[in-house]
Amino acid sequence: MDVGISEARLAELVALFERGSVAVLTGAGMSTDSGIPDYRGAGTPPRTPMNIAQFTEDPHYRRRFWAGARIGQNRMNTVEPNDGHRALARLEAAGHIDGVITQNVDGLHRRGGARTVVELHGGGGIMRCIQCGERWTRSEVLGWFDTLNPGYAERNANAEVAPDGDALVTEVESVRVPLCPGCGGTLRPDVVYFGETVPVAVFDAAAELVERSSALLVAGSSLAVNTGMRLVHRAERLGNPLAVINRGPTAVDARPSLAVRIDGGTTETLTALADALGA
């Protein structure tokens, strides 16, 4: 259990904001207090996320994805932004940050009140056709799943929720996969899978937030994904210091640019920060 941030560490964090606006990069640890498990956080079991080659080439993986998406949706419908999300929205409204860059696809930053959000890995709430590019909401497509697979959601309602918000289901071989109603093409989430690259325009928007800031604050990420490290390198080239709030080790813990390191949860730390800055 976290015991809260020390006054000394909080003062170090506040001091970063005295230099000017701070860029913020968040990861899965940001949403654990909302009930979404983390892939790599301390104490989490090892999991292998699905990659794009598996999704496009293996019908079994597609059936597993849609089954998990449908069961996971029941749980995701109950997930709400936590006080950490709201603290960042407060900091943005007060002008201490210009927006949030996130590796998460859960949409909780916008729901928590953030106005400018750069979603590096896309948004899980939209599905698109690989063939024709048409888009639908996740809820719409999962309604089609229910029509194709009557009773499935009820039979598997107790499956464990995975870190990406889907569920770890085992009854998949009989699953019928929804297809694009326009062209019959394959539908997929509008997210960046492992094995894909972040769109250039999206990365550029994130880089712009970093470049017009005076420091980079990483919240809830171990920085194991290359895109996050590219933003770290961008900040370092500008001579901007780093601050990290994360439970467990990160890829930047030994870097000389690291000015503040808090081994703890994002919710209580960001809430204390917003309070201290009067946001």
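Modeller: Let us begin with Arg 111 and Glu 80, which form a salt bridge whose closest N and O atoms are 2.9 Å apart. Please keep in mind that this is a predicted model.

Biologist: Why is the contact between Arg 111 and Glu 80 called a salt bridge?

Modeller: The term requires a side-chain nitrogen of Lys or Arg within 4 Å of a carboxyl oxygen of Asp or Glu. The closest N and O atoms of Arg 111 and Glu 80 are 2.9 Å apart, so the pair qualifies. In general, side chains of opposite charge can pair when their charged atoms come close.

Biologist: What makes this a link between distant parts of the chain?

Modeller: Arg 111 belongs to helix H5 (residues 108-111), whereas Glu 80 is in the loop between helix H3 (59-76) and H4; the two are 31 residues apart.

Biologist: Why are Arg 111 and Glu 80 called partly exposed?

Modeller: Buried means under 20% relative accessible area and exposed means over 50%, with partly exposed in between. Arg 111 has 46% and Glu 80 has 45%, so both fall in the middle class.

Biologist: How many salt bridges does a search of the whole structure find?

Modeller: The search finds 17. Among them is one between the side chains of Asp 190 and Arg 128, at 2.8 Å from N to O. Asp 190 lies in strand E6 (residues 187-191) and Arg 128 in strand E4 (residues 122-129), so this pair ties together parts that are 62 residues apart in sequence. Asp 190, at 23%, and Arg 128, at 22%, are both partly exposed, because the limit for buried is under 20%.

Biologist: How do you know that strands E4 and E6 are paired?

Modeller: Pairing needs at least two bridges between the strands. E4 and E6 have 4 bridges, in the antiparallel sense, so they count as a pair. One of the bridges joins Met 127 to Pro 189 in E6.

Biologist: In what order do the strands of the open sheet stand?

Modeller: The 6 strands have the order E3-E2-E1-E7-E8-E9, with parallel pairing. Strand E3 (117-119) and strand E9 (258-262) stand at the edges; each has a single partner strand, so one side of each is left without a neighbour in the sheet. On average, neighbouring strands are turned by 15° against each other, direction ignored.

Biologist: How do you know that E2 and E3 are paired?

Modeller: Strand E2 (residues 100-102) is joined to E3 by 3 bridges. The requirement is at least two, so they pair. Thr 102 has Glu 119 as its bridge partner in E3.

Biologist: What makes Asn 240 a buried residue?

Modeller: Its relative accessible area is 8%, and the limit is under 20%, so Asn 240 is buried. Asn 240 lies in the loop between helix H9 (226-237) and E8.

Biologist: Why does Asn 240 count as having a polar contact with Ser 213?

Modeller: A polar atom of the Asn 240 side chain lies 3.1 Å from the backbone oxygen of Ser 213.

Biologist: Which residues touch the most other members of the largest nonpolar core?

Modeller: They are Leu 13, Phe 17, Leu 88, Ile 97, Leu 217, Leu 270 and Leu 273, out of 25 residues in that core. Helix H1 (7-17) is among the elements that give two or more residues to the core, and H1 supplies the largest share, 5 residues.

Biologist: Where does helix H10 lie?

Modeller: Helix H10 (residues 266-276) lies across strand E7 (215-219), strand E8 (242-245) and E9, running at about 145° to E7. Its buried residues include Leu 270 and Leu 273, and what covers the buried residues of H10 includes H1, H4, E7, E8 and E9.

Note on methods. Residues numbered from 1 in each chain as written. Predicted model: local features only at pLDDT ≥ 70, side-chain atom pairs only at ≥ 80, totals over all residues. Heavy atoms only, no water. Axes fitted to C-alpha atoms, helices over the stretch in contact; angles between N-to-C directions. Contact = heavy atoms within 4.5 Å. Core = buried A, V, L, I, M, F, W, Y, C linked by side-chain atoms within 4.5 Å. Buried < 20%, exposed > 50% of the residue type's maximum accessible area, 1.4 Å probe, protein only. Polar contact = N/O pair within 3.5 Å; in protein donor to acceptor, adjacent residues only side chain to side chain.
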